[in-house]
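This report describes the helices, the loop, the ion pairs and the surface of the structure shown below.

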Amino acid sequence: MKLTEYLHDQLKFLNDQMNSAKKDKDETMQYLVDSKITEVKLILEALQKGIIDEA
């Protein structure tokens, strides 16, 4: 599996977790999941810009 595919899968999982946390009104989980979503998006952005290599 390529890194970008893995990261997109992680974003889908994290979005599902965020929806669940919002439904449960769990602010701590929302904060934690949001920070992970930001982290994954930054890695994807670095890949797209060529800052890091997918190899």
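Which residues are exposed on the other side of H1? They are Lys12 and Lys23. The model discussed here is a predicted one.

**Helix H1**

Helix H1 runs over residues 3-23 and holds 21 residues. From its first C-alpha to its last it reaches 30 Å, close to the 30 Å expected at 1.5 Å a residue. Its buried residues are Leu7, Leu11, Leu14, Met18 and Ala21. Viewed down the axis of H1, these buried residues fall within an arc of 90 degrees, so they line one face of the helix. The cover over the buried residues of H1 includes H2.

Away from that face, Lys12 has a relative accessibility of 55% and therefore counts as exposed, the cut-off being over 50%. Gln10 is another residue of helix H1. With a relative accessibility of 25%, Gln10 counts as partly exposed. Although Gln10 and Val40 are 30 residues apart in sequence, their C-alpha atoms are 7.7 Å apart in space.

**The loop between the helices**

Lys25 is found in the loop between H1 and H2, just after H1. Its phi is near 55 degrees, which is a positive value in a residue other than glycine. Is Lys25 buried or exposed? At 71% relative accessibility, Lys25 counts as exposed.

**Helix H2**

Helix H2 comprises residues 27-49. At 1.5 Å a residue, its 23 residues should span 33 Å, and the C-alpha atoms at its ends are 33 Å apart, in agreement with that value. Buried in H2 are Val33, Ile37, Val40, Leu44, Ala46 and Leu47. Val40, one of the buried residues of H2, is the residue whose C-alpha lies 7.7 Å from that of Gln10.

**Salt bridges**

How many salt bridges does the structure hold? There are three, and they are listed here with the distance between nitrogen and oxygen.

| Salt bridge | N to O distance |
|---|---|
| Lys12 and Asp16 | 3.5 Å |
| Lys36 and Glu39 | 3.4 Å |
| Lys49 and Glu45 | 3.2 Å |

The pair of Lys12 and Asp16 belongs to helix H1, where the two residues are four residues apart, about one turn of the helix. Lys12 is exposed at 55% relative accessibility, whereas Asp16 is partly exposed with a relative accessible area of 40%.

In helix H2, Glu39 and Lys36 are three residues apart, about one turn of the helix. Glu39 is partly exposed, with a relative accessible area of 41%, and Lys36 is also partly exposed, with a relative accessible area of 41%.

The pair of Lys49 and Glu45 likewise lies in helix H2, with a separation of four residues, about one turn of the helix. Lys49 counts as exposed at 58% relative accessibility. Glu45, at 38% relative accessibility, counts as partly exposed.

Which residues make the nonpolar surface patch of about 330 Å²? Met29, Tyr31 and Leu32 make this patch. Met29 has its place in helix H2. Its relative accessibility is 35%, and Met29 therefore counts as partly exposed, a class that lies between the cut-offs of 20% and 50%.

Glu39, the salt-bridge partner of Lys36, lies in helix H2 as well. Along the chain, Glu39 and Met29 are 10 residues apart, and their C-alpha atoms are separated by 15 Å.

**Summary**

Each helix has buried residues, with Leu7 and Leu11 among those of H1 and Val33 and Ile37 among those of H2.

Note on methods: Residues numbered from 1 in each chain as written. Predicted model: local features only at pLDDT ≥ 70, side-chain atom pairs only at ≥ 80, totals over all residues. Heavy atoms only, no water. Patch = residues over 30% accessible without salt bridge, like charges linked within 9 Å, V, L, I, M, F, W, Y side chains within 5 Å. Areas by Shrake-Rupley, 256 points an atom, 1.4 Å probe, with all protein chains shown as cover. Salt bridge = Lys/Arg side-chain N within 4 Å of Asp/Glu carboxyl O. Buried < 20%, exposed > 50% of the residue type's maximum accessible area, 1.4 Å probe, protein only. Expected span 1.5 Å × (residues − 1). Arc of directions from axis to C-beta. Contact = heavy atoms within 4.5 Å.
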